[in-house]
Amino acid sequence: MATYDLIIRNGQIVTSESVTTGDIAIKDGKIVEVGSQISGQGTNEINAEGLHVFPGLIDTHVHFNEPGRTEWEGIETGSKSLAAGGVTSYFDMPLNSTPPTIDKENLDIKKKLSAEKSVVNPNFWGGLVPENIGKLKELHENGVIGFKAFMSPSGIDDFNRADDETLYKGMKEIAAVGSRLAVHAESTVMCDQLATEKIRAGKTSARDFVESRPIISEIEAVRRLISYAEATGCKVHVVHASSKKVVDVINEAKQKGVDITVETCAHYLALTVKDLEEKGGLAKCAPPLRDQDEVDDLWTAVLNGEVDMIASDHSPAPTSMKTVTDNYFEGWGGISGAQSTLNVLLTEGHFKRNLPLEKIVTLMGTNPAKVFGLANKGNIAVGYDADIAIVNINESFKLENDDLFYRHQHSPYVGMTFNGKVKTTIVNGKVVFENGTFLDA
Ligand SMILES: [Zn+2]
């Protein structure tokens, strides 16, 4: 009789194609059989009756800030929060850690730290800044998943924004190695000018902050990016689009044959300007949260398949940096959300708007795996890596600060009632998280 390391029995297996009842057998970190009533035995067996078995999800956008700003988050706490939320692979951004990931030397440091500390699978973005055009090739050759540039100031002194010349030259280099450039697309001219006018007039409310970073500023930057992509042949990826209007511009370009993909974030699908007004700095980010009509339109884009992927853009900071009171132009912008993305997609998506479960796998599994070349990740099938999240989608809970595994236990999602309790998370065939506890130090 065949023996396996682990068999998950009688779960509702969710792939990008279907939801079916069955068993999954795992050996040597790989899925080796999927079917109904697998014969044979597992050294370990999990009864998943009544539970949904998702492929471990991929979060393409997190800032773990290690090394250099580990007091803001860190690889261990950050990766644990992902695992607790059903995510088993992440792409760490090149900035907020310091030195930033803009050459091989600093990429190597991050790789080493992650190998020691991460409880899930790490991947790394390389930066594109004015100072490192000559380093892009070495970053690519050493395995970065893609590159990241800012068209507006990043808010971090050692990660300069890519001016138009840097963007154009960098995109030529990135096209030459066949990689993809992810871009924070907001117009620096518009945002700077609007912010200056607001502050000069003493207008610093949440609404003023939002109005200083309008949707048109995203659209202007995305259109410029598209024209550079057409000129250079560089594949591009727009991160954290906050509005369907931005997604529409991207889809027009796609139809013309531009290789462009788009991510939105859970917070643009679950929170509004009202949350920014009520929760202050905890809900501050850039681009900012929008109004409810925009949230509804963005959901339409997601349901229509016009958004390629959904990420957390987990960008944590100590609580003391998140206490905006009256001036919303002050305080760190960045939302702590890595643990809650699946909860948002289940609660706001599946249960409120009929987002099929299969679509969650597409958005946070097969699409990121395909776009960024992760073979054997993001789905459940024979030969795939055994990255799995077992979830009770019907169990609801109110998120409390104490539930969070972040270094700083705050999030704008605290106090919200979510569906979907992650029971077990398996990474490369090993159970790392079970019933609220991490098994392996
Ligand atoms: Zn980010």
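**A helix and a lysine**

Mentor: Let's start with a side-chain contact: Asn251 reaches the backbone oxygen of Glu306 with its side chain, at 3.1 Å. Bear in mind that this is a predicted model.

Trainee: Okay! Which helix does Asn251 lie in?
Mentor: Asn251 belongs to helix α8, which covers residues 244–255.

Trainee: And is Asn251 buried or exposed?
Mentor: Asn251 counts as buried because its relative accessible area is 13%, and the cut-off for buried is under 20%.

Trainee: Which other residues in α8 are buried?
Mentor: Among them are Lys244, Val246, Val247, Val249, Ile250 and Ala253.

Trainee: What do the buried residues of α8 pack against?
Mentor: Their partners are α7 (215–232), β11 (235–238), β12 (260–265) and α11 (292–303).

Trainee: How far does α8 reach from its first C-alpha to its last?
Mentor: The 12 residues of α8 reach 16 Å, close to the 16 Å expected at 1.5 Å a residue.

Trainee: Nice. What caps the N-terminal end of α8?
Mentor: That's Ser243, with a side-chain oxygen 2.9 Å from the backbone nitrogen of Lys245. Just after α8, Gly257 has a positive phi of about 100°.

Trainee: Changing topic: what feature does UniProt place at Lys148?
Mentor: The unreviewed UniProt entry places "modified residue: N6-carboxylysine" there.

Trainee: Where does Lys148 lie, and why does Lys148 count as buried?
Mentor: Lys148 is in strand β9, residues 146–150. Lys148 counts as buried because its relative accessibility is 1%.

Key. Residues are numbered from 1 along each chain as its sequence is written. This is a predicted model: local features need pLDDT of at least 70, side-chain atom pairs count only at pLDDT 80 or more; totals for chains, interfaces and linings use all residues. Side-chain values use heavy atoms; hydrogens and water are left out. UniProt positions are given in the numbering used here, feature names are shortened, and annotations may be inferred rather than shown by experiment. Helices (H or I, at least four residues) and strands (E, at least two) are DSSP runs, numbered from the N terminus. Buried means under 20% relative accessible area, exposed over 50%, partly exposed in between (1.4 Å probe, protein chains only). The expected span of a helix is 1.5 Å times one less than its number of residues. Contact means heavy atoms within 4.5 Å. A polar contact is a pair of N or O atoms within 3.5 Å; within protein, one must be able to donate a hydrogen and the other to accept it, and residues adjacent in sequence count only if both atoms are side-chain atoms.
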